[in-house]
Each structure stands twice: as C-alpha cells, then as structure tokens.
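Here's a quick tour for anyone meeting this structure for the first time. Have a look at the model below, then read on for its aromatic rings and its overall layout.

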Amino acid sequence: MQFFGGTEISPSLPASTASGNNRHMMYVFNRNGVCLLYREWNRPLHTLNQQQDHKLMFGLLFSLKSLTAKMDPTTPDKANLGVPQLPGQGCSFHSFRTNTYKLTFMESPSGIKIILVTHPRTGDLRESLKYIYNLYVEYVVKNPLYTPGTPIRCELFNTTLDQYVRSIS
C-alpha cells in the first residue's frame with residue numbers, strides 16, 4: 001500500500017535530481033523526537049556526537065515548523081512560537097539550502113519525519129521522500145517483528161533504502 005498516491009510501491013523510481021555523489025545523511029524521527037534511523041553515505045565531517053546531532057536536528061525541525069506556522073500569512077489565528085503543530089497543520093516547509101548543503105524534509109500524517117541532507121544543488125526531492133516513506137511502511141510498519149517507536153533494524157528496509165538512495169544521486 002502506498003500512502004502518498006497510488007496503491008503499491010511504484011516500480012518506477014522517481015527521477016534523479018542531480019549528478020554526482022550528492023547524498024550525505026538521512027534521519028527518520030517519530031512524532032516524539034526519537035531518532036528511529038540515521039544513515040550516512042557521504043558525510044565529509046563529523047562535528048558532534050550522534051546523540052547531540054539528533055537532538056540538534058530535531059530541534060531545528062521543531063523550530064522551523066513553529067516559525068513557519070507563526071509567519072503564515074493566510075491564517076489569522078497564530079499559535080505561540082514553540083507550541084507543537086499537528087502534522088499537516090499550518091504552513092509547512094519542504095527544504096532549505098545553504099552554501100554547503102540542502103535539507104529536504106517531509107512529515108507524514110502519523111508524525112514520522114524524514115530528512116535528507118544533500119548537496120546544495122540537488123533538485124526537488126519531495127517525491128523521493130514519499131517513496132522512502134512508502135518503503136518504511138512496507139518494510140518496517142508492516143513487519144510483525146518491529147516494535148513501534150524503537151530504532152529501525154530491518155535489514156530488508158536498510159538494503160532497499162541504500163540501493164534507492166544511491167540510485168538518486
């Protein structure tokens with residue numbers, strides 16, 4: 001089952017958006033900020049330990065979601081900064097770019113957050129994030145041995161994810 005359009009995982013992968021070795025990192029968080037999965041493919045520099053890195057990334061997402069909801073020009077009722085938003089509530093962001101990386105973000109209706117950090121010239125990865133989410137549903141959520149809220153340790157998911165992410169770069 002595919003949650004973002006269609007009924008099955010698409011046999012045709014979303015098109016590549018840039019050339020070269022553009023992938024760096026991927027995070028998957030649940031709605032409570034627990035990092036379920038962290039993967040690196042081409043991270044040039046490590047500056048923090050892994051736990052600090054995960055807290056910093058989730059805090060960044062929380063702050064950006066709060067800021068975009070507060071600045072939404074189409075909604076007259078504004079929540080205070082820092083008040084959690086439900087998935088799909090308020091204005092949302094999809095990506096931002098710096099001179100050294102691009103962060104692309106997707107949040108599912110269940111609160112699963114998927115983040116890809118790539119080369120700054122990488123194109124739109126929203127379809128790729130939807131595909132990754134559908135892989136997560138197929139190989140992790142539907143796995144009877146997986147306990148929700150625990151780190152993802154499904155080899156089939158990890159192998160398929162690695163193959164897919166390497167194919168989009």
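Rings of Phe, Tyr and Trp (its six-membered ring) count as a pair if their centres lie within 6.5 Å. With that in mind, this predicted model has one aromatic cluster formed by Tyr27, Phe29, Tyr38 and Phe58. The pair count by this rule is six.

A pair of aromatic rings is described by the distance of the centres and the angle of the planes. Here are two of the pairs:

| Pair | Centre distance | Plane angle | Type |
|---|---|---|---|
| Tyr27 and Tyr38 | 4.9 Å | 50 degrees | tilted |
| Tyr133 and Tyr136 | 5.9 Å | 35 degrees | tilted |

Let's start with Tyr27 and Tyr38. Tyr27 sits in strand E1 (residues 23–29) and Tyr38 in strand E2 (residues 35–40), so this pair ties together parts that are eleven residues apart in sequence. Tyr27 and Tyr38 are both buried.

And where do Tyr133 and Tyr136 lie? Both are in helix H2 (residues 126–141), three residues apart, which is about one turn of the helix. Tyr133 is buried, and Tyr136 is too.

Now for the whole protein. It has three helices and five strands, and along the sequence they run β-β-α-β-β-β-α-α. Of the 169 residues in the protein, 40% are buried. Take the contacts with a separation of 6 or more: 53% of them join residues 24 or more positions apart.

Notes: Residues numbered from 1 in each chain as written. Predicted model: local features only at pLDDT ≥ 70, side-chain atom pairs only at ≥ 80, totals over all residues. Heavy atoms only, no water. Helix = DSSP H or I, 4+ residues; strand = E, 2+ residues; numbered from the N terminus. Buried < 20%, exposed > 50% of the residue type's maximum accessible area, 1.4 Å probe, protein only. Contact = heavy atoms within 4.5 Å. Phe/Tyr/Trp six-rings, centres within 6.5 Å; stacked < 30°, edge-to-face > 60°.
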